[in-house]
Amino acid sequence: MENSYKKLIDGNRHFSMSKKFEDPEYFKNLSLGQKPDYLWIGCSDSRVPANEVTGTHSGEIFVHRNIANMVVHTDVNLLSVLEYAVKYLEVKHVIVCGHYGCGGIKAAMSNTHFGFLNNWLRNIKDVYFKYQTELDAIENEDKRTDRLTELNVIEQVRNLAKTTIIQETWVQRPLQLHGWVYGINNGLITDLSIIHNEKDNIEPIYRLNILP
Ligand code: CO
């Protein structure tokens, strides 16, 4: 029987022991509750773990991950995570972090039939279509893929700004939305965009009249 999973249990035992060795109160303190300042919306890709690439620890980042770090406004999972993070945990920053070399982006740029996954990839194809003139002008395929990765992040940040959750929060308090791209080849994050206020960044039709 394939039992590579056992190394995860061994790893867990080592993790628990070493944390307790460093700080005997570590788990006791964490079990008191969480108050993270950040919500991370990232790709499910195994090479982009939120805490590891940001040098943070348990308790610091609330995390949602899906294929190609999408913010789809009918995704009840994403919206529930967002609502909880913003309204209950009161995070100060929401970060959409894409990554170069993203398989979801590459898949969306092809015409391959991926079955059920076509439904998800369609959201990325829509971003391509929106920026088709700019993207089609980039001859190098890798560069075109990288650019779609960046544009996709920016669009997902704007999708956040269009949500009722974020717009209601902006009436109440400051909240920053960030768009980042992580380089799998160098481990570095590039800061692409920041949104403090919906009026600067989304078209009028998406702006909701919410009373304070
Ligand atoms: Co990816």
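Ile9 is partly exposed, at 45% relative accessibility. Here buried means under 20% relative accessible area, exposed over 50%, and partly exposed in between (1.4 Å probe, protein chains only). This is a predicted model, in which local features need pLDDT of at least 70, side-chain atom pairs count only at pLDDT 80 or more, and totals for chains, interfaces and linings use all residues. Residues are numbered from 1 along each chain as its sequence is written, and side-chain values use heavy atoms, without hydrogens and water.

**Ile9 and the surface**

- Ile9 sits in helix H1 (residues 6-22). Helices (H or I, at least four residues) and strands (E, at least two) are DSSP runs, numbered from the N terminus.
- Met1, Tyr5, Leu8 and Ile9 make a nonpolar surface patch of about 520 Å².
- Patches are made of residues with over 30% relative accessible area and no salt bridge; like charges are joined within 9 Å, and nonpolar side chains (Val, Leu, Ile, Met, Phe, Trp, Tyr) within 5 Å. A salt bridge is a side-chain nitrogen of Lys or Arg within 4 Å of a carboxyl oxygen of Asp or Glu.
- Accessible areas come from the Shrake-Rupley method with a 1.4 Å probe; for residues, only the protein chains shown count as cover.

**The cobalt site**

- Cys43 (SG), His99 (NE2) and Cys102 (SG) are the protein donors of the cobalt ion, 2.0 to 2.3 Å from it.
- Donors are N, O and S atoms within 2.8 Å of the metal (3.2 Å for Na, K and Ca); water is not among the atoms, so sites may look incomplete.
- The donor residues follow the spacing C-x55-H-x2-C in sequence.
- Both His99 and Cys102 are buried.

**Thr149**

- Thr149 belongs to helix H8 (residues 141-161).
- Thr149 has a relative accessible area of 2%, so it is buried.
- Beyond its neighbours within four places in sequence, Thr149 is in contact (heavy atoms within 4.5 Å) with His99, Tyr100, Ile105 and Val181.

**Strands around S1**

- Strand S1 (residues 38-43) is largely enclosed by the rest of the structure, because five of its six residues are buried.
- S1 runs parallel to strand S2 (residues 61-66), joined by six bridges. Two strands pair if DSSP finds at least two bridges between them.
- Gly42 has Arg65 in S2 as its bridge partner.
- S1 also pairs with strand S3 (residues 93-99), in the parallel sense, over five bridges. Ile41 stands opposite Val96 in S3.

**The S4–S5 hairpin**

- Strands S4 (residues 176-182) and S5 (residues 189-195) run antiparallel, with six bridges.
- Six residues lie between S4 and S5 in this hairpin, and Gly187 in the turn has a positive phi of about 75°.
- Gly179 faces Ser193 in S5.
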